[in-house]
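Dear colleague,

I am passing on the structure below, and my notes on what was found in it follow directly after.

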Amino acid sequence: MRDSGAAPERGAAPPVGPAGGIPVLRRLWRAGRLLPDGAAPVHPLLRLYVRWVRRPLLPAMRLWRRNIQLRVVAGTLLMSVAVLLVLGVVVVGQVRNGLLEAKRHAAQSQAEGGFKAAREAADTAGDSRGQDAAQSGGRAGTDPGAWLTALVQQLSSGGQGVYHVVAIGSGGGESSVGSRGPRASGDIDPEHSIPADLRRQVDLRTGALERSATIRHSASDEGEPALIVGKRMYDISGNPYQLYYLFPYTQEEKTLALVRGTLATAGVFMVVLLGAIVWFVVRQIVTPVRMAAWISERLAAGILQERMKVTGEDDIARLGEAFNKMAQNLQVKIQQLEQLSRMQRRFVSDVSHELRTPLTTVRMAAEVIHEARDSFDPVTARSAELLFGQVDRFESLLSDLLEISRFDAGAAALEAEPVDLRDVVHRVVEGALPLAERKGSRLLVRGAEEPVVAEADARRVERVLRNLVVNAVEHGEGRDVVVRLAAVGDAVAVAVRDYGVGLKPGEATRVFNRFWRADPARARTTGGTGLGLSIAVEDARLHGGWLQAWGEPGGGSQFRLTLPRTAGDTLRGSPIPLEPEDSRRGRGPAGAGLPSAVRTPGGSAPVPAQKRGAPPAVDPAALPGGGARVVARQGRPGEADGDAAGREGRL
């Protein structure tokens, strides 16, 4: 079968290999080109190659970004090299032009003397030849070829190593070797050393012409640059011939090479010396800055007695003195604040302890009055009820203040033991049922089919969940409250979701502050003290866990407690996403208002439960602490929760 050699038609199938399949490299290339619409046209093989090339360069790039001294020295050296290169090119050009001009003048002077000597020799030889011819009866006594050879030897005898002499017959040297053949001094190849166009111009003009060309030697194929000066002359017979002086650039090239070498050596020396000077100067400035950065890190770590070493009276010394003064003032202020904080914690602790005794007496008296309220008039009976309720709330406030003072003093102890969080959740839900019935809300538990066991302090976890559930019922506007449990890997989580007023932008960052209330005008129907969430987040941190909040205006909120399975482990994610699936962003544009699955006060539709058998989504980007996020605008459906958790950790 004969190959026509024509190109394959457009859209035709590619050629296959011997085994009937497409080659491996071509398959990889075609697979890399199958990118989705709108994707960047970067082939995977190219990306792999870029990564392979960049990997060994990453340490150098990191050093370049972090070392200002290296950047300054390298930048100075690069600019110095550029300046020296430009200066070297200019100097070498000037020297070269000067050498060529001096060579040209010397060559013209030497050639003019040679042409004059050749003309005089021809005239003298011509006169002698005429006299010899007259004496011998008309026969010439001098051969023009021998005379020309002798002339070339005579003219070149004084220029050994300085110039060469070439004589060529007029008409381009086309005559045969003989009386009109070319003559040359040394081992010069006259036919290939004299350019043809120069020969033609010499034949047409009467004056001397000069040209830079490459001369050839008979014993070598290498050329030698030279300046050629030629002129048409007449021999003893009156026939024209071309006389050339060839001046090699050997000495000029040696001089120019010496200049280049000198400039290169001086340039390298200057660059190295300048680099050392710049390194020394920059080090004088960078070293105090590095010291200040290091001491700042030490100050930030709590080592407040660190100071900079100050020498001299220059600007750097004044900077060091100002830095030390700032550090001293900062240390004094921090010590004052620490002392004030200790006094405040001690005051709160002492007051709480001291108030317990009179509070016990007041509580006993209030109970007696409260039990006898039926015998009082209505106003007095109502006063007795208010007194009893406020004494109870006062006692709760004292308990919370004592707990907060323990956390502030670092005296809180964790009594961890294996606990099934389902039991804790059931106790919390049973305790909150009376309040939920009064509010018209239902308490739903999801994910309690399998054990959720972790090493935790059951009392503290129950206190956290009770606070979250009660807050959800109080702010749930009579809608359902969903408690979800999940466990994945080394983490367990409990999330409390309500569909009430939610949280406005910026409120979720302050929800764990002490005595903070979203609406100051809203009444505390449950008699809360305002310290519940503050104590809850401290309990979570004591476990090494996270307590985080999410909310959207009018769409409810969700609080998530994440604990490690084993006490002391580090959390890397949470089994439950912080933003619930039924949020407005998750529902998309159709989610304006409440979801149809959420029970309103007028209906009884249940809250959608998590799919059975489906593992809860892990939130690997969640961060510890009281981080929170509020959804302030609509997002795209299906957006990953990892981005949400990444933003929540920054608030």
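Over residues 263–282 the chain is 100% helix and 0% strand, with the end C-alpha atoms 27 Å apart; helices (H or I, at least four residues) and strands (E, at least two) are DSSP runs, numbered from the N terminus. This is a predicted model, in which local features need pLDDT of at least 70 and side-chain atom pairs count only at pLDDT 80 or more, whereas totals for chains, interfaces and linings use all residues. Residues are numbered from 1 along each chain as its sequence is written, and side-chain values use heavy atoms, with hydrogens and water left out.

The UniProt record, an unreviewed entry, places the feature "transmembrane region" at residues 68–95 and 263–282; its positions are given in the numbering used here, feature names are shortened, and annotations may be inferred rather than shown by experiment. Residues 68–95 are likewise 100% helix and 0% strand, and their end C-alpha atoms lie 40 Å apart.

Turning to the strands, there is an open sheet of 5 strands in the order β2-β1-β5-β4-β3, with antiparallel pairing, where two strands pair if DSSP finds at least two bridges between them. β2 (183–184) and β3 stand at the edges with a single partner strand each, so one side of each is left without a neighbour in the sheet.

Strand β3 (residues 209–217) is joined to strand β4 (residues 220–234) by 9 bridges, and the two form a hairpin with 2 residues between them. Ala213 has Ala226 in β4 as its bridge partner, while Ile215 stands opposite Glu224 in β4. Another 9 bridges join β4 to strand β5 (residues 240–248), where Met233 stands opposite Tyr241; this hairpin has 5 residues between its strands, and Gly238 in the turn has a positive phi of about 85°.

Best regards
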